[in-house]
Amino acid sequence: MVDLESEVPPLPPRYRFRDLLLGDQGWQNDDRVQVEFYMNENTFKERLKLFFIKNQRSSLRIRLFNFSLKLLSCLLYIIRVLLDDPTQGHGCKELNRGCSSQNSTPAKIDWSPIIWVNRSLPLWGLQVSVALISLFETMLLGYLSYKGNIWEQILRIPFLLEIINAVPFIITIFWPALRNLFIPVFLNCWLAKHALENMINDLHRAIQRTQSAMFNQVLILISTLLCLIFTCICGIQHLERAGNKLTLFDSLYFCIVTFSTVGFGDVTPKIWPSKLLVVIMICVALVVLPIQFEQLAYLWMERQKSGGNYSRHRAQTEKHVVLCVSSLKIDLLMDFLNEFYAHPRLQDYYVVILCPTEMDAQVRRVLQIPMWSQRVIYLQGSALKDQDLLRAKMDDAEACFILSSRCEVDRTAADHQAILRAWAVKDFAPKCPLYVQILKPENKFHIKFADHVVCEEEFKYAMLALNCICPATSTLITLLVHTSRGQEGQQSPEQWQKMYGRCSGNEVYHINLEDSSFFAEYEGKSFTYASFHAHKKFGVCLIGVRREDNKSILLNPGPRYIMSSTDICFYINITKEENSAFKKQEQHRKNNESKSCYHGASRLPVHSIIASMGTVAIDLQDAGCRSSSGPTLTLPSEGSKEGRRPSIAPVLEVADASLQTCDLLSDQSEDETTPSDDDISTGLEYAKGYPPYSPYIGSSPTFCHLLHEKVPFCCLRLDKGCQHNYYEDAKAYGFKNKLIIVAAETAGNGLYNFIVPLRAYYRPKKELNPIVLLLDNPLDDLLRCGVTFTANMVVVDKESTMSAEEDYMADAKTIVNVQTLFRLFSSLSIITELTHPANMRFMQFRAKDCYSLALSKLEKKEREKGSNLAFMFRLPFAAGRVFSISMLDTLLYQSFVKDYMISITRLLLGLDTTPGSGFLCSMKITEDDLWIRTYARLYQKLCSSTGDIPIGIYRTESQKLTTSESRETASQSQISISVEEWEDTKDTKEQISYRSNHRNSTSSDQSDHPLLRRKSMQWARRLSRKVPKHSGKTAEKISQQRMSLYKRSERQELAELVKNRMKHLGLSTAGYDEMNDHQNTLSYILINPSPDTRLELNDVVYLIRPDPLAYVPNTASSRKNSFCHTVGQDTREETQL
C-alpha cells in the first residue's frame, strides 16, 4: 500500500495543529490554494437571511429584541398619557402658525384634544428612536423575505401597523410642528403579540423540542384578550379627552365592566367616536374570541384523547412505571392495576399507559374513578416514537411493561410489534428495566436483553403437561402468582370453600436467613431439617434457597445442603415475615386451647398434633426409595415393637452418610440396564440424554428419555399405515399405558414444552404415556386415536378464533367443542385452555344445576368485595380442568416486586433445569398411608426418608345433591329401565325373565311362556291404536314412561351414535363407558395447609423432590460417572427467558 503522507504534502502550519507545535519550513514554497465551501449562496442577502431568518438561535434573538421594542413603545405611550394634561393647550401654542381657540359646545365636538397631545422632548426622542429601529428592522425583514410579489409584503397587517406607528415619528423629525401630533402607538401591542408567536416558534426550533399545542393556543388566547383590552382602554381614554376626560384607570374599569357584560352604567362614553370604538371593539371580540375558544376547546378534546404529557417535575419527584400495549382492554387494565397496587410499597407509584389507539368508553369510565384517576395517566402514542417516549418520561421510569396482543389473528405479528417496542425503549432509555410478554417461544432470543420475559406458549404447554402428571398444577400455579389475603369464601357455609379460600392466600416470599425469625436458628442445619421445623413451628413452607454468590435458585436442594447465614430463603406463607407478629409459646398455647389458628379437620393445637419422635428410627435404606410418580409410604414393620403405634424417624440436622445409597436414580438406573419384557415386546429402547435438536433458540436443555433410533416420519401418522407398520388406530398399537391426546390447531414450537415434562428423566419408563397430537377433532379421528382409553385429553384454544368481533366470543368454538366431548365421553378427563377467565363458567355447563348457580352467586359476591380470584370457586377451575393463560399475566406484574417469581415458576413447571434444584411431582394417599394421619406427620415422614418437601394437597370430595335432585335422578333411572324393557320384544329368554320383574300388568303365568307374553304385547298395542282412551292408572303410567323416555333419549342417542361409528370404523366398543360421570365429585387445592390437617383417602400431595442427579455416588459404575460428568459440564449460563 502506497504511503499517503509521502505523496500528499502536509498542510501549512496555520491549518495543522501539529505544525503549529513542531513547525514546518516547507510551507513557504507551498502553492496550494485554500477553498472554503458554503452551504448557502455566499451573497450579502443570503448571509443576512441566514442570520435573521434561517438560523434558529440568531433568529430567536432578533424576535426577542423586536418583542422588547414593541413592549417598550407601549410602555412609553402609557408614560406619555400619565404625563399629559388634557386641560392644557393640547399643543396649539407650539405651532408657528398658531391656532385659534375653539369654544366647545355640547352639540359640537372639540377635535383638538384628540388630534394633539403634550409630548415632552425626551419622550419624543425615545419614541422616535424606537420607531426608527422598528421601521428599519421591518424593511430589512421585508426585503429578505421578498419572493417576487411586492404587494404581498406591503399589504400584510403587521407591515401596515408598523408604517402607521413609525412613519409619523420620522416625519416629525423633518417637521417639528407635528411633534405633538397624536400617533396610535398603543397598536404596537398587536405587533408584540405577533413577535411573541414567532419567538415561541423559533424557541421550539432552537431547542429541538415540541411544546404542547395546548400551551401555544392558551398563550395566543391570553395575548389576544390582553391586546383587545389594552387597545380598548387606550382608545376610549384618548377619545374621551374631548368628552369625560377619563383616566387610564377609569377606562380600564369601563372596559372590564363592559366585556364582562355587567354594565353598571356609572362610566359611559360621551361622544360618538368613543361610542363607535366601543361598538367596533365588541364586534371584534365577538368574532375573534369565539374562534380562539373553539380552537382551544378542540385542542383540549384532542389532548383528552391523546392524554397530554407526564410532567417532568413529577417524574423527578414521584415514581412511575410505563405500560405499553397495542390495544387496551378493560380486563387487561384491571388485572394490571389490581395486581400492581396490591403491594403496599407501590401505592405511591404512578402508572403511565402508552397505547396507540384511542381510549374506549369502558376504560375512560374506569380511569375516571377517583381511586385510579389520581394514579393512572393515559397517553395516546407509539413506543416507536421518541416524542411519545419523552411524553411518558421513559428515561425516568422505574420499569416498562410491554405486553403482546393475544387477540390478534397473526400472533407472530403481535410478537414482532412487542419486539420493536422493546428495542425502541431500550434505545431511548437503556437503564429502564424491561418486563416483556411475548406469545411465541421462537421470538424469545430477540429480547434476550430484557430483564424479565414471560413467553405465553411456553408456560401454557408446560402447565398443560404437568396437569396430566400432577392434577390441577395450573390452579396451583395460578393461586401462587395471584395476590390474595385468603379472605375469599370465609363467609360461605361450606367447609371446603373456607379451607380452599383460606389456603389460596399463600404466596411465595423471600428473606435473608440471618434476618429471619423463621429460619435464623437453622444456620448450619440441613435444608430438610430447616423446612420441617419451620413448618412445625411457624406453619411456613421453605421450598428453596439461593446462595449469595450464585444467581441460581435451588428448589429443595436436599438434605445434604447446609444452610448458611447469607442464604436467601424462599418460602410459602399467607403473608411475609415482615408483616407477621410473633407470640410467646405460653400465650400461643392458651389461644390454641380455645380456638385453633387454622380451620382444618382437626382442632388440636399444632404442637400437640406433631407425632413423638420415638426412640427407634426406621432403616432409611428400607423406607427411602420409591418411584417418582407413584410413591407410597409403607407402614413400618413392627417386629419387636408390638403394641406401639408406628413412629416416624426424626429429621436429621445433617444428612447421614447412609442416605447416599438411597437416591432416586437407582431404580431408574437398574431399569435402564435391564430392560423389561414390555420394552422388548414393543421394541422400544430408551436412553437418557438431551434432545439432539432444539425447536427454537432460547429453549432450556432438559435431560429426558429418548429413543435410540429416530422414528421415520411416515410412522408418525397414527391413522395411516406405512411400509414399517400397518396400524391405523391406537388400539392396534397395543399401548401399555393410557394415552394423552393433545387437540391443537397447529403443531407449533410450543409443543416442545408439552412433550419434555412428560418425558423427563426422573419419570420411570414404565409410566411414560403415549402422546397423540390431534390437529383436527372430528368424531372419527377421536375414535381412531383412542379416546375411549385416554388418561387425559388436552384441548388448546384455537388461535384462529381469538380475534372475534366480540372479545369474549374468542373462546366460543373451544367451549362448544369441549362441551360436545363432555357429552359424548362423560368419563373423559378433559383439560382446557381458554383466553378469557370469565368464560370458565361455561365449562361442563349444566343449565339446571343448582350447585353451579350457587357458586355463580358466590363468585359475584367475591367480585363485589374486590377479590382478584373471584373465579376460583368454579368447579372446573378448582379441579384443574380449565385455566386461562391470561391469568399468568400477573406473574409478569409480580416480578416488579418479586424478581424471582418467574424463575421459581419456570423451575416448578420444568421449563428450566438447574443442577441441584428439585422438581415438582405428586403422590397419592392410599389406605396403606392413612396411618400417618396428619399433614405434619406426612411432612416429617417425607423429610426424614426421601427429602421431599410437600407444598399442598389436591383433595377430591363427593358432591352432596339436594333431595329433589336425588329423587329425580333415581326416578329417571328406574323409569328408563322399565321403558327399555317394555319396548324390547325381541330379546332372549334371560332378558324376558329380567323384564318380568319390572312389569306390573303381566301375570306370573305369562312370564313363564315367552310366546304368550309376546302375543299379549302385540294385542295390547293393537288395542291401544283402536281405543285411544285408557284407564287412569295406565294412562298416567304411559305418560310417565314417555316423559322419562324423552329425558333419557338424548344420552342414549349419543351413546348409540358413538357405538355405531366405532363399529363402522372396525373398532371395539368394549372400552366405551357411557355412564361413568364425575358430576357428583368436586376437587380443590389446599396450598400449604395447616399441620393438623387430616389426610384423607385419595388425597394427592404435591411434592418438590430433590434432584436425583445431585446424589449419584462417586463409587458408581463408569456409566454413571460419565453421565454425571456430562451433566456437570453442561452448566450453561442461566437466563431468565
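In the predicted model, R391 and D388 lie three residues apart in helix α17 (residues 386-391) and are therefore separated by about one helical turn, helices being DSSP runs of H or I of at least four residues and strands runs of E of at least two, numbered from the N terminus. Their side chains meet in a salt bridge (2.9 Å, N to O), defined as a side-chain nitrogen of Lys or Arg within 4 Å of a carboxyl oxygen of Asp or Glu. Both R391 and D388 are buried, where buried means under 20% relative accessible area, exposed over 50% and partly exposed in between (1.4 Å probe, protein chains only).

The structure holds 19 salt bridges. In another of these, R955 pairs with E1096, the closest N and O atoms being 3.6 Å apart; because R955 lies in strand β19 (residues 949-958) and E1096 in the loop between β20 (1081-1087) and β21 (1100-1105), the pair ties together parts that are 141 residues apart in sequence. R955 is buried, with a relative accessible area of 2%, whereas E1096 is partly exposed at 31% relative accessibility.

Residues are numbered from 1 along each chain as its sequence is written. Because the model is predicted, local features need pLDDT of at least 70 and side-chain atom pairs count only at pLDDT 80 or more, while totals for chains, interfaces and linings use all residues, and side-chain values use heavy atoms, with hydrogens and water left out.
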